Amino acid sequence: MHRRLIACLVFFLSLTVVARAQSPAPQPGFDVKARQVYMIEAQTGTVLFARAEDEVVPAASLAKLMTAATVFKALSAGEITLDTQYPVTEHAWRTGGAPSRTATMFAALKSNVRVEDLIRGVTVQFANDACIILAEGIAGSEGAFVERMVKEARALGLEKSAFANATGLPDPGNTVTMREMVTLARHLETAYPGYMHYYLEPEFEWNKIRQRNRNPLLALNIGVTGFVTGFSEEGGYSIVAAVNRDGKHMLLAMGGMESDKVRTEETRRIVEWALSSFERRTLFKQGEMIAEASVYGGDASTVPLVAGDEVDVFLPKDNSQRLVARVVYTWPVRAPVEPDAAVGTLKIWNDKQLLREVPVKTAGKVGVGPLRTRALDALIELFFFWI
């Protein structure tokens, strides 16, 4: 089998930052009371805080984000409309309705409910009956809808998260990771911006019962614009949140907290810390050469590599660490090479923390070289093959 060699071009960028006098300094050794944490600045994808972000934990109500994504996809595809109505079955009523003593919108048995009202039930009240009614209505059964959820999760690159029902109610088959929940939240915002306002509605009334939004963070005035909280006996209290404030956009997922009070307090703390402690830096301008890739059999030995857009990261204002950037590609790139060909990835590290991964592409054209050049390149490749 042919051996592939990975060539890494390593270079160092040293940035010395002096924080502005009026800006509060980041808290040394900042930490939160959560077992699993993943927080990014969404515009650049910079990782701001990460701990046990790939640990598999019970999904609880965080699964409702996948339910919402599946419903929004059906709406966007024209499969259903906001005015489509679905019946409240006995399964939905008993499992997620008033008899269940769980989060519910109190949909009446054998009544019909519009999709838009069911979405409000899911996003405002975290209602389990609304999730099941939507699942049964769209796919014919909750089980068939769950198959859609899992298929969509895999298509989005969620490899570890799994779903056994549309609600997140206790089941060993409902599992997520904090990293993948942030990925899912980011997908919701970018793919379905027209539906994100439902998460911000302060209250929703159904069946003459008015309930305030179950997301306790909306009332804190810290810039939270959605999503969902969860709880399980095994996994503790969890949250997925979007924050838009002071020109910054952050996505956060945390789990393993001991109470809803701790969850609220720690979310406020990490949001305020991130807002006050980081600032945006441009490492490479659009079109600026980042590195060169070796070309096999070409009329030039290398081709310049660039990123599609500016490469920005968010760094601590007092950052004293040295950034390390590596361009990783499969060696060698073979001629002919056309411009804008995706050939590798730029990985940016701050100490031991991977901040960003950015695709890089060729910025020039390389034709096929003369026979002598190709023969020499073949000898070089053969030499490295046998090392």
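Are F30 and F49 buried or exposed? Both are buried. Keep in mind that this is a predicted model.

Let's start with the search. Across the whole structure, nine aromatic pairs turn up. Take F30 and F49, which pair edge-to-face. Their centres are 6.1 Å apart, with 85 degrees between the planes. This pair links distant parts of the chain. F30 sits in the loop between β1 (5-14) and β2 (36-41), and F49 is in strand β3 (residues 46-51).

Next pair. F72 and Y195 are stacked, at 4.8 Å centre to centre and 15 degrees between the planes. Again, distant parts of the chain are linked. F72 belongs to helix α1 (residues 64-76). Y195 lies in the loop between α6 (178-191) and β8 (203-206), 123 residues apart from F72.

Why do we call these two buried? The cut-off is under 20% relative accessible area. F72 has 1%, so F72 counts as buried. Y195 has 17%, so Y195 is buried too.

Last stop: I348, in strand β19 (residues 342-350). I348 has a relative accessible area of 1%, so it is buried. What does I348 touch, leaving out residues up to four places away in sequence? The contacts are L283, V311, V313, V324, A325, Q353, L354, L355 and R356. Look at V313: it is 35 residues from I348 along the chain, yet their C-alpha atoms are separated by 8.9 Å.

Methods. Residues are numbered from 1 along each chain as its sequence is written. This is a predicted model: local features need pLDDT of at least 70, side-chain atom pairs count only at pLDDT 80 or more; totals for chains, interfaces and linings use all residues. Side-chain values use heavy atoms; hydrogens and water are left out. Rings of Phe, Tyr and Trp (its six-membered ring) pair if their centres lie within 6.5 Å; planes under 30 degrees apart count as stacked, over 60 as edge-to-face and the rest as tilted. Helices (H or I, at least four residues) and strands (E, at least two) are DSSP runs, numbered from the N terminus. Buried means under 20% relative accessible area, exposed over 50%, partly exposed in between (1.4 Å probe, protein chains only). Contact means heavy atoms within 4.5 Å.
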